[in-house]
Amino acid sequence: MEEQFLNLFETEKYARQLPLIKKEGQIRLKTEKITVIGAGGLGQPLLLYLVASGFENIQFFEPDIVETSNLNRQFFFHKEHIGQRKGEIVRKALMDINPSATILWQNDRLHAQNLEEALQDSGLVLETTDNPELKFAVNDFLLRSQIPGFIGGVGMESGHIVPIYPGKACYRCIFREHLRNPFLSLLPPIAGIMGSMMAYLSIAFLMGNHRIFDNAYFLQNGRWFVSAKEFSGLCPHHSGRSGSPDPPDESLQ
Ligand SMILES: [Zn+2]
């Protein structure tokens, strides 16, 4: 593999984070293939912080068209974009932030049957859509394929992020059935907070902090709850397990 390094511009650009991430961590951000599903209210702040922090190998899936009601929270879009393809505009905005990045926009609408082909070579998957069925399908695929990921959702004044990781409790351990219409109303900054949090968790994962996968993260009416994920007897993946998850495997980086 070609030796990776940071050039002078990158060393200066990332000067405030390199003491925390270290050169090796920054190179990992640069090279790890990340998939983001959805580039809407939650996906845009997530993608913004991923690219700004130095992730340079990103594919994102976004099949929708810009609508007027997107404009209050999907900040890459302006009035003149209404009716255009979301993915094209988001990709251009991200490339403006970092022209060196490889940002691949995929127009496919994902569902249980095409997830494998879409996600199989990802190092980390971030699910941000308002489609409950897709959240469960992504959970099941990630467990099957042993790819780590985060599933995020927002609605009203609340949001959740559930990390998915082999050997840990999953989305189905926490949510037994599809959330009923949780996405119809939303205060815009909630999406910003949760998208930014997903970006933070992505960086923490690549820095080797696997303890983040032990918890589920909830924001409810302005208050954070971080609860330890527990296996559920009702989860089809984890019905044989009970109690707390395995301790983090520090050898997995
Ligand atoms: Zn489970």
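A residue counts as buried if 20 or more other C-beta atoms lie within 10 Å of its own, as exposed if there are 12 or fewer, and as partly exposed in between, with C-beta atoms placed from the backbone.

1. **What you are looking at.** This is a predicted model, in which local features need pLDDT of at least 70, side-chain atom pairs count only at pLDDT 80 or more, and totals for chains, interfaces and linings use all residues. Residues are numbered from 1 along each chain as its sequence is written.

2. **The overall picture.** The protein chain has 8 helices and 8 strands; these are DSSP runs numbered from the N terminus, with helices being H or I of at least four residues and strands E of at least two. Its radius of gyration is 18 Å, close to the 18 Å that the globule rule gives for 253 residues, so the chain is as compact as a globular protein of that length. That radius is taken over C-alpha atoms, and the rule is 2.2 Å times the number of residues to the power 0.38. Along the principal axes, the C-alpha atoms fill a box of roughly 50 × 45 × 35 Å.

3. **Burial and contacts.** Of the 253 residues, 40% count as buried. Two residues are in contact if their C-beta atoms, placed from the backbone, lie within 7 Å. Among contacts between residues at least 6 apart in sequence, 66% join residues at least 24 apart.

4. **The bent helix 2.** Please look at residues 18–31: helix 2 has 14 residues, yet its end C-alpha atoms are only 16 Å apart, short of the 20 Å that a straight helix would reach at 1.5 Å a residue. The expected span is 1.5 Å times one less than the number of residues. Helix 2 bends by about 70° at glutamate 24, the bend being the angle between axes fitted to the seven residues ending there and the seven starting there. Its buried residues are Gln26, Arg28 and Leu29, and they pack against helix 3 (43–53) and helix 8 (188–206).

5. **Leucine 18.** This residue is found in helix 2 and is partly exposed, with 17 other C-beta atoms within 10 Å. Not counting residues up to four places away in sequence, leucine 18 touches Lys23 and Gln26. The C-alpha atoms of leucine 18 and phenylalanine 175 are separated by 37 Å, and the two residues are 157 apart along the chain.

6. **Helix 8 for comparison.** The 19 residues of helix 8 should span 27 Å at 1.5 Å a residue, and its end C-alpha atoms are 28 Å apart, which agrees. Just after helix 8, glycine 208 takes a positive phi of about 95°.

7. **A well-covered helix 3.** Helix 3 is mostly covered, with 8 of its 11 residues buried; among them are Pro45, Leu46, Leu47 and Leu48. The cover includes strand 1, strand 2 (57–61), helix 4 (86–97), strand 4 and helix 8. Just after helix 3, glycine 54 has a positive phi of about 115°.

8. **Strand 4 and its partners.** In strand 4 (residues 124–127), Leu124 and Leu126 point one way and Val125 and Glu127 the other, and all are buried. Strand 4 runs parallel to strand 1 (residues 34–37), joined by 4 bridges, and valine 36 stands opposite leucine 126. Strand 4 also runs parallel to strand 5, with 3 bridges; isoleucine 151 in strand 5 is the bridge partner of glutamate 127. Strands pair if DSSP finds at least two bridges between them.

9. **The core.** A nonpolar core is a set of buried Ala, Val, Leu, Ile, Met, Phe, Trp, Tyr and Cys residues joined through C-beta atoms within 7 Å. Of the 61 residues in the largest one, Val36, Leu47, Leu126 and Met198 touch the most other members. The largest share of this core, 10 residues, comes from helix 8. Leaving aside neighbours within four places in sequence, the contacts of leucine 126 include Val36, Leu46, Phe150 and Met198.

10. **Two loop residues to check.** Most residues other than glycine have a negative phi. Glutamine 146 has a positive phi of about 60° although it is not a glycine. Glutamine 146 sits in the loop between helix 6 (132–145) and strand 5 (149–155), and counts as exposed because it has 10 C-beta neighbours inside 10 Å. Asparagine 221, in the loop between strand 7 (215–220) and strand 8 (223–228), has a positive phi near 50°. Asparagine 221 counts as exposed, with 8 C-beta neighbours inside 10 Å.
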